Amino acid sequence: MRRADAPTRPSLTDYDACVRRSYRPGKTHLTNRRADVETGYGTYAAGRGRPHLVARTKDWGDPDVGFQQGLYEHTWEGGWLEDVRSDVLAAARGICLLCNAAQPRTIDHLLPQSDYPALSIYAPNLIGACADCNRIKSNKCHDDPARQFVHPYFEPIPTDLPFLRAEVIADGVLSPQFEIVDHDGIDGELTARLRWQFAELQVNSFYRNEAVLFFQKRQYAWEEAAEAGWVGLATSLRGDLRSTVRAFGVNYWESAFIQGLLDSAEFRADPMKFLTANVATLFAARQPEPAE
Ligand SMILES: [Zn+2]
C-alpha cells in the first residue's frame, strides 16, 4: 500500500457544476446545501480522512439525497460528469488504492454513498479501486475506529518502511503467506487498521495468486542463476528485488515475496527442489480460499 495524491479537481467544482447544470426543479435545495457540503468537505480533509470524524450526511434531512447519490451515475462513460471519473482513475496511477496490486478499473466511495450521499461525487472521497476490492468492500462503514478503511490520500501510509511481509516456505511446500507486521516507525493504530483492511478485503488470497504467477515467470531464470549455487541465485534475487522496490515500493507484494524467498531457510537449503518443480504441484497444497 502506498500514499497517492488526491485528484487535483477543486473539491466543490463538481458540486457547483451539478447544481448549475441540473434541470431539476428542486435545485434550490442543492444551492442551499452548499455551505453544509463545504463544511463537511472541510472536516473530511482536516480530519486527515478518518471516516469516523465526518458526520454522516444522510442525517442532514436533505430532500435531495436521492439526487445526490444519482449524480454519481453521470460519471460513467458518456455522462456529463465523465471527467470526474477520469481524474479519479488517473490519480490511482494504475494500481488499486485498496489492495495495491490489481488494476483500478472502478471507483470506490471510501465513505459509502448510502451513508454519505453528499460526498457522492466529492473527488477526494472517490478511490480508484479494482473490481474485487470494490465488490468486497461494498458499502461497509463502521463506527469503530479500529475497523475503518485507511484513506490513501490523507493518511500517512509509509512508502519506505516495510510493513508487508511474506512467509514463503511452510512444510516443504512453496506457500507464500502475506501479512501486515508492526514496524517501530509506524503508528501502531494505523498498522492495526491496515491489518484489519488487509483481512477484510482478502488481500492475502490475491497476493498469493499473483506470487504463483510471478514465480512461474521467473522460475527458469532463477534456476539458471542457481546453477552457480546460492550466491548466484541470491544475487539474481536481490537484483529483482531492487528493481521492484524502485518501481513499486517496499510494500508491494512482489517486493515482499522476493524478500521472503531470500529469508527462507528451506529455499536457501535446496532452491533447486523448488525451482525445478512443477509450479502447480508446488503450490497445490495450499491454494487460497476463493474470494467470497
Ligand atoms: Zn484492489
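Predicted model: local features only at pLDDT ≥ 70, side-chain atom pairs only at ≥ 80, totals over all residues.
**A short tour: two loops and a helix pair**

Ser138 sits in the loop between helix 6 (131-137) and strand 3 (164-170). Check its backbone too: phi is positive, about 50°, although Ser138 is not a glycine.

Next, jump to Asn100. Is Asn100 buried or exposed? Asn100 is buried, because 23 other C-beta atoms lie within 10 Å and the cut-off for buried is 20 or more. You'll find Asn100 in the loop between helix 5 (82-91) and strand 1 (106-109). Asn100 isn't a glycine, yet it has a positive phi of about 55°.

Now for the helices. Two packed helices are described by the angle between their axes and the distance between the axes. Select residues 230-248, which are helix 9, along with residues 253-263, which are helix 10. They pack at an angle of about 160°, and their axes are 9 Å apart. The angle is over 145°, so helix 9 is roughly antiparallel to helix 10. The crossing of helix 9 past helix 10 is left-handed.

To see where the two meet, show side chains. On helix 9, pick out Ala234, Leu237, Asp240, Leu241, Thr244, Val245 and Phe248. On helix 10, their partners are Glu254, Ser255, Ile258, Gln259, Leu261 and Leu262. Colour this contact by residue type and you get eight nonpolar, three polar and two charged residues.

Technical notes: Residues numbered from 1 in each chain as written. Helix = DSSP H or I, 4+ residues; strand = E, 2+ residues; numbered from the N terminus. Buried ≥ 20, exposed ≤ 12 C-beta atoms within 10 Å, placed from the backbone. Axes fitted to C-alpha atoms, helices over the stretch in contact; angles between N-to-C directions. Parallel < 35°, antiparallel > 145°, perpendicular 65-115°, else oblique. Left-handed = near helix turned anticlockwise from the far one by under 90°. Contact = placed C-beta atoms within 7 Å. Nonpolar A, V, L, I, M, F, W, Y, C, P; charged D, E, K, R; others polar.
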